[in-house]
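Hi everyone, thanks for coming. Let me put the chain up on the screen, and then we'll walk through a few spots together.

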Amino acid sequence: MVELVWLIPALPLAGFAILLVAGPRLGEPRAGWLATAASAGSFLLTLITFAGLLGLESVSKGGAGGRGGREDVSTLFEWMPIGGLKVDAALLVDPLSMTMALFVTGVGTLIHLYSVGYMGGDPKYSKFFLYLNLFLFSMLMLVLGENLVVTFLGWEGVGTCSYLLISFWHERPTAATAGKKAFVTNRIGDFGFMIATFLLWTTLGTVSYAGIAEASGGLATGTATAVSLLLLLAAAGKSAQLPLYVWLPDAMEGPTPVSAMVHAATMVTAGVYLLVRLNPVLTDEALLVIAIVGAATALFAALAAVAQHDIKKVLAYSTVSQLGYMFLAIGSKAYVAAIFHVVTHAFFKGLLFLGSGSVIHGLGDEQDMRRMGALRAVMPITAVTFIVGWLAIAGVPPLSGFWSKDEILLAAWEQSDIGPLLWAVGLVTALLTAYYMSRQTFLVFFGGQRWDDGAHPHESPPTMTLPLVLLAGAAAIGGVMNLPLVKDWLVLEHFLEPVLAHPHHFSSGTGTKLLLALIAVVAALGGIAFAIRAWLQARIPADRLEPALLENVFYVDSTISNFVGGPGTKAFEAAATADRRFVDGAVNGVARLVQMLGQAVRPLQSGYLRHYASGVAVGAIILVIWLALRGAA
């Protein structure tokens with residue numbers, strides 16, 4: 001059944017092609033249902049392929065991590081047979097690619113279904129689903145690619161689709177600007193991806209993941225560290241790590257399903273996937289840098305989230321923070337914990353974004369939490385499901401977020417040297433996460449009514465509430481996937497282990513594990529208790545002034561914008577002037593000199609035979625005279 005893998009990305013691509021040709025004629029809601037059917041079919045085929053993978057015998061030397069395990073490569077055609085470079089358009093079925101494909105297609109399908117209702121009445125209804133199907137196809141090519149070149153095809157595809165979807169309502173200047181910011185920022189990460197690919201090819205002679213894993217031991221330490229840091233640059237661009245996070249908070253300018261698709265099911269997980277996929281080449285020095293970047297990003301974004309008023313912007317900075325946790329896990333060599341958190345985060349963050357979209361839909365496009373409150377009575381399904389997502393991301397057991405976040409904190413603690421410091425940063429971030437998510441929940445669903453008298457909040461239609469219910473269930477019980485409650489090889493840790501060059505095994509004793517877990521739970525409950533005290537009991541005014549430093553996110557974005565719009569623009573203009581005057585001037589000067597020399601010798605090429613014969617005669621006479629003079633001498 002694994003041979004059906006090519007159909008997984010083919011169905012969304014077919015949906016895109018049909019909507020490209022007939023989308024306007026299909027109209028609303030048929031265009032939406034077609035795109036949703038393509039996504040659902042892709043999810044069904046992923047399940048079938050997953051079942052086929054489980055039926056494969058464990059190979060002796062397979063696995064992209066070089067440790068052996070179930071895998072299958074499906075070659076579609078020979079793509080680039082150029083000299084020594086031979087790249088196939090091939091798809092890889094292994095535990096990591098299937099784990100990613102399952103939640104990408106599963107959560108992606110729920111987002112498609114949600115969009116059928118959310119985008120109702122939009123004049124560009126069919127175009128939205130056309131882009132959404134293309135987005136899903138691109139992400140599937142990224143995670144299913146057998147080599148770096150196929151992955152890069154999907155990598156660039158999700159970047160393009162993010163631009164198209166973030167700026168979908170391009171009539172709004174903020175949306176157009178946000179789309180351009182996402183596109184430009186991600187190009188910085190693309191530079192890292194390409195240079196790392198070139199280095200691996202020139203040193204190892206292959207871009208295949210299996211080939212890289214097998215030959216990675218031959219990499220010089222300096223080269224491997226350079227590749228690792230370039231991969232970090234690539235991942236930081238896609239997964240919004242410091243300092244390249246600036247595009248992700250602005251991505252909320254697109255329709256809310258886009259925010260859910262970007263933040264939960266696609267794109268931002270691409271950087272985490274890339275680092276885990278290429279774990280055999282990551283050096284200890286680079287891993288330390290990755291851990292520090294992740295911890296710093298997690299804390300930075302959590303501090304920013306506590307002072308935001310826009311319901312989606314709180315969740316946007318929360319995503320940046322949670323991605324920091326994933327990078328902290330990778331830097332701690334806890335690759336399984338990183339993927340575990342990717343999956344659980346897809347459940348609860350997809351739920352929270354879609355829940356916020358339901359609120360926005362019910363309140364007539366209102367996004368300011370200061371104008372909400374008491375919505376649980378009029379939007380009960382949205383409220384209950386959102387509360388599940390809140391408790392999951394806050395790390396309250398036994399919901400899914402507790403299990404994945406606890407593993408990351410434990411892995412950070414076990415690191416040598418600065419492990420306790422990284423753990424402390426992660427713990428403070430967990431406390432802040434519980435606080436700002438509690439603040440958001442209380443401002444939106446509890447307290448007094450603050451919406452305008454003309455607003456008539458109401459529950460969303462079933463096409464929107466059904467995905468909320470399903471995602472709430474996944475967010476509640478998703479943690480079981482890494483608990484030893486089922487067959488040993490179905491536990492995520494053991495399932496993914498063959499793909500990892502150096503699987504991480506926790507060394508702490510049971511007592512230490514329980515103590516650290518208890519501290520994490522106390523931190524989460526402490527954050528919730530503080531929010532209850534501040535926003536429900538003390539009744540802090542919803543419109544109170546937040547610390548300007550946090551509300552303006554330490555002025556990082558504004559500083560960059562001011563630089564680019566001021567000194568940066570002048571510097572670019574000066575560089576362009578220098579290019580025109582000196583570089584182009586030098587090139588054009590050489591061209592003019594050649595032209596002048598050509599014009600000077602042009603008369604010699606008259607085309608008349610008598611001129612050439614005369615020239616030969618004159619030359620012969622000169623040669624005879626020269627020889628005679630030499631003989632006389």
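So, which residues touch the most other members of the largest nonpolar core? They're Trp 247 and Ile 330, in a core of 193 residues. Helix H14, residues 335-362, gives this core its largest share, 17 residues. Keep in mind that what you're looking at is a predicted model.

Let's stay with Ile 330 for a moment. Leaving out residues up to four places away in sequence, Ile 330 touches Val 272, Leu 275, Val 276, Leu 282, Leu 287, Ile 290, Tyr 335 and Ala 338.

Next stop, Ala 270. You'll find Ala 270 in helix H11, which runs over residues 268-277. Is Ala 270 buried or exposed? Buried: its relative accessible area is 0%, and the cut-off for buried is under 20%. Again skipping residues up to four places away in sequence, Ala 270 touches Met 139, Leu 142, Trp 155, Lys 238 and Ser 239. Take Trp 155: that residue is 115 residues from Ala 270 along the chain, yet their C-alpha atoms are separated by 7.6 Å.

Last one, helix H15, residues 380-394. The buried residues of H15 include Phe 386, Trp 390 and Ile 393. What covers the buried residues of H15? Among the helices that do are H13, H14, H16 and H20.

Definitions and conventions: Residues are numbered from 1 along each chain as its sequence is written. This is a predicted model: local features need pLDDT of at least 70, side-chain atom pairs count only at pLDDT 80 or more; totals for chains, interfaces and linings use all residues. Side-chain values use heavy atoms; hydrogens and water are left out. Helices (H or I, at least four residues) and strands (E, at least two) are DSSP runs, numbered from the N terminus. Buried means under 20% relative accessible area, exposed over 50%, partly exposed in between (1.4 Å probe, protein chains only). Contact means heavy atoms within 4.5 Å. A nonpolar core is a set of buried Ala, Val, Leu, Ile, Met, Phe, Trp, Tyr and Cys residues joined through side-chain atoms within 4.5 Å.
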